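Visitor: Hi, I'm new to this one. Can you walk me through it?

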Amino acid sequence: MTKAVSVSLAELNSAVAERSGGRLSAIIVGSSDVKLNGVAALAAAKRSDLAFLANPLYRADALTTHAGAIVLNAAERDALQSLSAPLTASLTAMAVCEQPYAWYAYAAQILKPNESVKPGVAAGAHVGSNARVHLAARVDAGATIGDGATIGAGAWIGAGAAIGARAFIGDGTRLYPRAVVLDDCRIGARCIVHSGAVIGSDGFGFAPLDGRWIKIPQVGAVVVGEDVEIGANTTIDRGAMGDTIIEDGVKLDNQIQIAHNCVIGAHTVIAACVGIAGSTRIGKGCRIGGAAMIGGHLQIADGLTIGPATAVISSLTEPGHYTGFFPPMTQREWERAAAVVRKLPELRSRVRQLESERKAPESDTEK
């Protein structure tokens, strides 16, 4: 991060509106001249900080916060004012808008801007033959650029990162230290790849033969679109034949596994520890909760939500919110429930038998 900037709430509101293309513009309640130079949680905020309120659980913190300004929606503003009339006369200003979390995200980018790229290849970096590193790119010490690779303008390759042969890194993309992009993979413009991520590892491809496993060469690559973020220690396997594709605007959390030949649709977000088996296609604009497991060769419809820890074993072709996990209970309760579950096939047969016996007399009467 570069040094924080200091702006008034009014200036910040104008800047957010500009960055969002006019989609986000807040109504200021209270002083619009309050100076802000940071962001913080409601309970820890100082007079110079911006905080946000998006969850009613934190209203108590909002009533006692020392933040210079809070961003929130109209419903939360009304709730706070009804809970504490003195709030409206306090020093805390409010930025009221329909989408406070998005407004806060832009505001945080403005108050805490990223460090600018200082072009150049560090002395300790290795650049392979025929590799093309743009003059406006930065390559830190210990990074390795493979033969024939391309690094775009404004890209930043962190210390110890590895770029394989013939790989492509787009303009303005940042690879944090020790991120890996292997041979022939492509990363689009303005992407972020966090430390420990591996793009282009071999897919899990083995053919059985007489009780042994024969490795199948993975000859595809990984193609990542623009404005994608890939979390720490996330792995994306290259295609067995053809490519694994991550479309524009996808956001991947930490420690996700995406197997060979998957397609992740544009602007889908996936939380930590999700596993997606090979050749599955995830639609556009989906939301997938942490630790969900998705089987292979499936189709997941656009705009669909999958809850955390849900196991998906068949295609989901209709949009909706899908959840499949058992609520927590005590060990003794679980043992009792498990005993019932084990008997469900038997109970099902008995119910069917009873139903058939009940229908039989009715049939005889009709005759």
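Predicted model: local features only at pLDDT ≥ 70, side-chain atom pairs only at ≥ 80, totals over all residues.

Visitor: Is Asn13 buried or exposed?

Guide: Asn13 is buried: its relative accessible area is 10%, and the cut-off for buried is under 20%.

Visitor: And which residues does Asn13 touch?

Guide: Leaving out residues up to four places away in sequence, Asn13 touches Ser25, Ala26, Ile28 and Trp103.

Visitor: What classes do the lining residues of the largest pocket divide into?

Guide: Nine are nonpolar, four are polar and three are charged.

Visitor: What about the second largest pocket, what's its volume?

Guide: The second largest pocket comes to about 220 Å³. There are 14 residues lining it, with Asn114, Gly172, Arg174, Tyr176 and Ile192 the closest to its centre. By class, its lining has five nonpolar, five polar and four charged residues.

Visitor: Tyr176, noted. Which residue have you got that pairs up with Tyr176 in terms of C-alpha separation?

Guide: Ala232. The C-alpha atoms of Ala232 and Tyr176 are separated by 9.1 Å, with the two residues 56 apart along the chain.

Visitor: Where is Ala232 found?

Guide: In the loop between β25 (229-230) and β26 (235-237). Ala232 counts as partly exposed because its relative accessibility is 22%. Not counting residues up to four places away in sequence, Ala232 touches His194, Ser195, Asn254 and Gln255.

Visitor: Back to helices. Which residues of α3 are buried?

Guide: In helix α3, residues 74-83, the buried ones are Glu76, Ala79 and Leu80. Looking down the axis of α3, these buried residues fall within an arc of 95°, so they line one face of the helix.

Visitor: What do the buried residues of α3 pack against?

Guide: They pack against α2 (59-64) and β6 (69-72).

Visitor: And what happens at the start of α3?

Guide: There, a side-chain oxygen of Asn73 comes to within 3.2 Å of the backbone nitrogen of Ala75.

Technical notes. Residues numbered from 1 in each chain as written. Heavy atoms only, no water. Nonpolar A, V, L, I, M, F, W, Y, C, P; charged D, E, K, R; others polar. 1 Å grid on protein atoms, 1.4 Å probe; cavity = no way out; pocket = protein on both sides within 12 Å on 5 of 7 lines; lining within 4 Å. Points joined across faces, edges and corners; volume = space filled by probe spheres on them. Buried < 20%, exposed > 50% of the residue type's maximum accessible area, 1.4 Å probe, protein only. Helix = DSSP H or I, 4+ residues; strand = E, 2+ residues; numbered from the N terminus. Arc of directions from axis to C-beta. Contact = heavy atoms within 4.5 Å. Polar contact = N/O pair within 3.5 Å; in protein donor to acceptor, adjacent residues only side chain to side chain.
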